[in-house]
Amino acid sequence: MSHTLQLSFSSSAFNSSMKVKKMKRVRPHCLQILCSSEHSSFKDKDDDADNGRSQGLSRVILVERYSNGTAKRYVLGDDMQLRTFLVEEDRSTAKTFGVLHSPDKRLSWLPEIIRDFILPAGFPGSVSDDYLHYMLLQFPTNVTGWICHTLVTSSLLKAVGIGSFSGTTAAASAAAIRWVSKDGIGAVGRLFIGGRFGNLFDDDPKQWRMYADFIGSAGSIFDLTTQLYPSYFLPLASLGNLTKAIARGLKDPSFRVIQNHFAISGNLGEVAAKEEVWEVVAQLIGLALGILILDTPGLVKSYELLSLTWLSMRLLHLWLRYESLSVLQFNTINLKRARILVKSHVLHSTVPGCVDCNREENILTWSQFMKPKIIFGLPLEKMDGVGRSHFMVEAFLKLYVDEKYILMVNQQPEDLKFFVSFKVGATSVSVLRSVWQTFWLSENWDSKVNVCDQLANSLLELEERFDDFIHKLKDAEWDTQQLNLKIPKEISIDDINSL
């Protein structure tokens, strides 16, 4: 299927930006360019450049490679038409460009979607060699443990009187099945969080730990309403358990990252054990105070008073959680802290220390909603004005020839957005460089000046000042060796002309 777009295009806009220096403008020449999109199912046999030359005088400008094994080729024909072809690649071709990781042969029988769900990103290279062996043994260990939990639940329920009047254990067994079913529904929440969002916690553990308490509070509301609707105990309790299980799925990995932050001497086990001591003492005190509150005359009989007491305690709990997370001082750089550090350097050529930066960091706000707005991992054809013209594509490839990314700005000053696509081989430093360039453009943007000229100037500034930025980060004792700035794995760009 082909979609053709006809537009007028001025080539003079890029003459000053083919190199990262000012050149004399030439008289504009308007061309009529036909842009089309076609899909093909042929396989890669030779490299992309040779394949492009085989189509008469047509040539491949670049290739966008996707994590699902497909690729989109931007092909310029001898008729000056820019076409895109969606092709399927074999795994050997993708490995050549580093798009895919070498699979573990022991799990080659598993579908890729399941492997991505149960294993860390980048497996097996991102974990130690004994990880898979441990998990394969840990899995049946956990299964047997939960079987034991299910069997003893009926005994516990019978001990408190359930089924004792019937003279049989049938009632206790039925109650145990309902109770365990409630736990099973809740476990689905943890399964979903761990499988789908496991790569989020390293970046912003403070935010996800706070969100865990918000979600856990919502789960407690379901439990609280079971007193009003006892006939709906199982669905309400199951919803409460599901919600709290999701909260636990967010809480546990987030807090493990925080514990690792505390263990500066490699004493993670001891830090975790001592944290358990603090938690158990707090649990005993909380249970004792809770029992005293329940013994207050009139409180048990008044649902409204009980609910009001719970709400007061929960709001105090959330406030204390926020305050405790606010005092954490991470020296690692995630996207939120990168924004604060880059903005300070762009505006004042200074870098705040860990204490000041962490204090300024907003725990609750998502980085996607911060200004300036940066969209990572966007296909070129979705960038305003880029994918529709081969002049634009080639201009940006030449402009960013020394960078591992391509950054474009939309031309609406009232809603300035920055689009970043990463090349094969991009690293966390590439993300940090793109953030620096974004903030410089945001602070110096002039809607009356040519876009490519401003991009070229921003790259000059980046080249001149980024080393100073890194140097000041090190002086402020920021960890520049391990940046928590991840490259989107869904898409990467191959610049054929640079191969």
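Helices (H or I, at least four residues) and strands (E, at least two) are DSSP runs, numbered from the N terminus. The structure is a predicted model, in which local features need pLDDT of at least 70 and side-chain atom pairs count only at pLDDT 80 or more, while totals for chains, interfaces and linings use all residues. Residues are numbered from 1 along each chain as its sequence is written, and side-chain values use heavy atoms, with hydrogens and water left out.

The pLDDT, the predictor's confidence in each residue from 0 to 100, averages 75 over the chain, and 67% of the residues score at least 70. Over residues 1-56 it stays under 50. Residues 92-101 are also below 50. Where pLDDT is low, the predicted coordinates should not be read in detail.

Ser349 lies in the loop between helix 10 and helix 11. Its phi is positive, about 60°, although Ser349 is not a glycine. Ser349 is partly exposed, with a relative accessible area of 31%; buried means under 20%, exposed over 50%, and partly exposed in between (1.4 Å probe, protein chains only). Glu477, in the loop between helix 14 and strand 9 (491-495), also has a positive phi, near 65°, and is exposed at 61% relative accessible area. Most residues other than glycine have a negative phi, and most peptide bonds are trans. A cis peptide bond joins Lys371 and Pro372, with omega about -5°; Pro372 is placed in the loop between helix 11 and strand 6.

Helix 10 (residues 335-348), which Ser349 follows, has 14 residues and reaches 20 Å from its first C-alpha to its last. This is close to the expected 20 Å, the expected span being 1.5 Å times one less than the number of residues. Of its 14 residues, 10 are buried, so helix 10 is largely enclosed by the rest of the structure. The buried residues include Ala338, Leu341 and Val342. Their cover includes helix 6 (205-225), helix 13 (428-444) and helix 14.

The largest nonpolar core has 56 residues, such a core being a set of buried Ala, Val, Leu, Ile, Met, Phe, Trp, Tyr and Cys residues joined through side-chain atoms within 4.5 Å. Helix 14 (residues 451-475) gives the largest share of this core, 9 residues. Leu432 is among the residues with the most contacts inside the core. Beyond its neighbours within four places in sequence, Leu432 is in contact (heavy atoms within 4.5 Å) with residues including Ala338, Val342, Phe466 and Phe469.
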